[in-house]
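Me: I'm new to this structure. Could you help me read a few of its features?

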Amino acid sequence: MEQNEMTFEFDSRSENEGLARTVVAAFITPLDPTLEELADVKTAVSEAVTNAVIHGYGDEGGKIRIHSRIDGNVVWIEIKDDGVGIEDVARAMEPLYTTKADMERSGMGFAFMEAFMDELEVDSALGKGTRVRMKKTIYSALNMS
């Protein structure tokens, strides 16, 4: 499989989370992922986009950008916002930690991303936004001729 890239930008609105999942799922379809691989990617994208909507922008709104690249059987997904940023990334990545307990947030977003993807990297700066970069190897693509 060759290299392929796409960039997608959309408004920071909760109803666009499903759109983001669908766009990334459609983009990786040529790799013929298993249902489990596809569900893993869709769940990780959902969590990253939801974090950007709720924690990155809140009621202010803004734009979320997804850049995805396929390189052989490896999928790279970057989700970026220009929101408030994360003060302490290491703490934010701890399971059950949330800054929005009043909204009944579970604090498991980053834990799910880590569990479902092969690699997770989070960069953030206060007042400048957050970039979540994830990698997933689609092993079923190795069997394609």
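Reply: Gladly! Helix α2 passes α4 in a left-handed crossing, meaning that the near helix is turned anticlockwise from the far one by less than a right angle (clockwise would be right-handed). This is a predicted model, where local features need pLDDT of at least 70, side-chain atom pairs count only at pLDDT 80 or more, and totals for chains, interfaces and linings use all residues. Residues are numbered from 1 along each chain as its sequence is written, and side-chain values use heavy atoms, leaving out hydrogens and water.

Me: At what angle do helix α2 and helix α4 pack, and how far apart are their axes?

Reply: Two packed helices are described by the angle between their axes and the distance between the axes. Here α2 (residues 35-57) and α4 (residues 109-116) pack at about 155 degrees, with axes 9 Å apart. That makes α2 roughly antiparallel to α4, a label for angles over 145 degrees.

Me: Which residues make the contact?

Reply: Contact means heavy atoms within 4.5 Å. From α2 come Asp40, Thr43, Ala44, Glu47, Ala48 and Asn51, and from α4 come Gly109, Phe110, Phe112, Met113 and Phe116.

Me: Is serine 68 buried or exposed?

Reply: Buried means under 20% relative accessible area, and exposed means over 50%, with partly exposed in between (1.4 Å probe, protein chains only). Serine 68 has 0% relative accessibility, so it counts as buried. Serine 68 lies in strand β2 (residues 63-71), and its side chain reaches the backbone oxygen of tryptophan 76 at 3.0 Å.

How values were computed: Axes fitted to C-alpha atoms, helices over the stretch in contact; angles between N-to-C directions. Helix = DSSP H or I, 4+ residues; strand = E, 2+ residues; numbered from the N terminus. Parallel < 35°, antiparallel > 145°, perpendicular 65-115°, else oblique. Polar contact = N/O pair within 3.5 Å; in protein donor to acceptor, adjacent residues only side chain to side chain.
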